[in-house]
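User: I am new to this structure and would like a short walk through it. Could we begin with how its elements are named?

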Amino acid sequence: MRLQLWFLRILNLISYLYFFHTTLYQVLSPDGEEPHKTYSANPTRLTPDSFVLLIYFPIFLGLGLFNVYQFFPAAEEFVVKGVSWSLVLSLSLYGAWTWFWQHSHPVFSLLFAVLITAFVSYGQASFYRLSATTSSLANKVCIEFPLSLWHAWTSVILVLNFYAALSSPSSPHWFQNTLALLLLAAFYGSAARYLIRLDFVGVVVLLWVQSGIVVNQSSIVVRYYTAFQMVVIVMLSTIRIHEYKAEEATPWVRSLAEFYQWRNPEETSPLLPGISHGPTVYTTPQVNVSA
């Protein structure tokens with residue numbers, strides 16, 4: 001156990017430093033230099049403006065806090081059984097995704113984007129299951145916060161990569177616009193998932209990316225639909241906050257929460273008052289039959 005813990009700590013730190021070094025150079029490099037092509041190699045109708053890349057700085061901060069916090073005794077169980085190998089694998093595979101994306105191989109990069117998102121999702125779900133009985137401020141700041149940031153951003157990368165794999169600049173305009181609208185609808189699903197779990201970090205990441213799409217795109221259809229989507233998500237976020245504070249929920253929110261709890265019976269994230277955060281236990285009523 002101790003050997004595995006230290007081995008995992010070291011690998012977490014190495015993968016973070018590798019991710020920090022390569023990504024920081026790519027983000028800060030001028031538009032004309034080679035590293036910047038990582039984000040401009042496959043322009044699509046969903047490519048956001050370059051200011052969206054500033055999201056990497058809170059990601060750097062969050063993952064840095066995690067790598068410091070993992071050396072404290074209070075984080076041992078969450079590192080080994082919660083986050084486990086998810087960050088090591090996702091940050092390492094991110095380098096492979098970058099190479100394929102930069103060299104205009106969107107189909108191959110899509111495979112790595114799927115794996116990255118899957119590993120981050122697994123690590124996040126494992127952490128929530130493990131934090132059923134112990135949830136501290138340090139865990140929320142140093143583990144939950146960076147996992148939410150990284151999960152939301154990798155989900156965005158997956159959607160953008162999926163578009164690039166299915167379309168090209170030579171595709172008909174109607175096909176590009178239709179595909180863009182269909183994939184933008186995936187943001188509704190992500191926003192609903194984050195709102196049900198009260199994960200407003202993920203919601204902010206989605207709104208940040210959508211603002212970049214509105215600024216960068218020239219297609220009227222994509223711009224207006226994205227702006228409308230942003231308004232809807234902000235309204236739903238406001239309603240969700242009010243409902244949780246008032247300890248009541250509209251029927252559609254309660255239905256979504258119950259469906260999410262049914263799909264994730266062991267997850268313990270905050271949902272709605274009156275909805276169990278743990279697995280449902282069914283008991284058979286006892287009938288007393290008198291002689």
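Analyst: Helices (H or I, at least four residues) and strands (E, at least two) are DSSP runs, numbered from the N terminus. This is a predicted model, in which local features need pLDDT of at least 70, side-chain atom pairs count only at pLDDT 80 or more, and totals for chains, interfaces and linings use all residues. Residues are numbered from 1 along each chain as its sequence is written, and side-chain values use heavy atoms, leaving out hydrogens and water.

User: Where is Leu13 found?

Analyst: Leu13 belongs to helix α1, residues 2-28.

User: Moving on, how many residues has α5?

Analyst: Helix α5 (residues 86-102) has 17 residues. From first C-alpha to last, α5 reaches 24 Å, close to the 24 Å expected at 1.5 Å a residue; the expected span is 1.5 Å times one less than the number of residues.

User: And how many of the residues of α5 are buried?

Analyst: Twelve of the 17 are buried, so α5 is mostly covered. Among them are Leu87, Tyr94, Trp97 and Trp101.

User: What follows α5?

Analyst: Ser104 follows α5, in the loop between α5 and α6 (106-130). Ser104 is not a glycine, yet has a positive phi of about 60°. Ser104 is partly exposed, at 41% relative accessible area.

User: What about Ser84?

Analyst: Ser84 also has a positive phi, near 55°, and sits in the loop between α4 (76-83) and α5. Ser84 is buried, with a relative accessible area of 15%.

Methods
Buried < 20%, exposed > 50% of the residue type's maximum accessible area, 1.4 Å probe, protein only.
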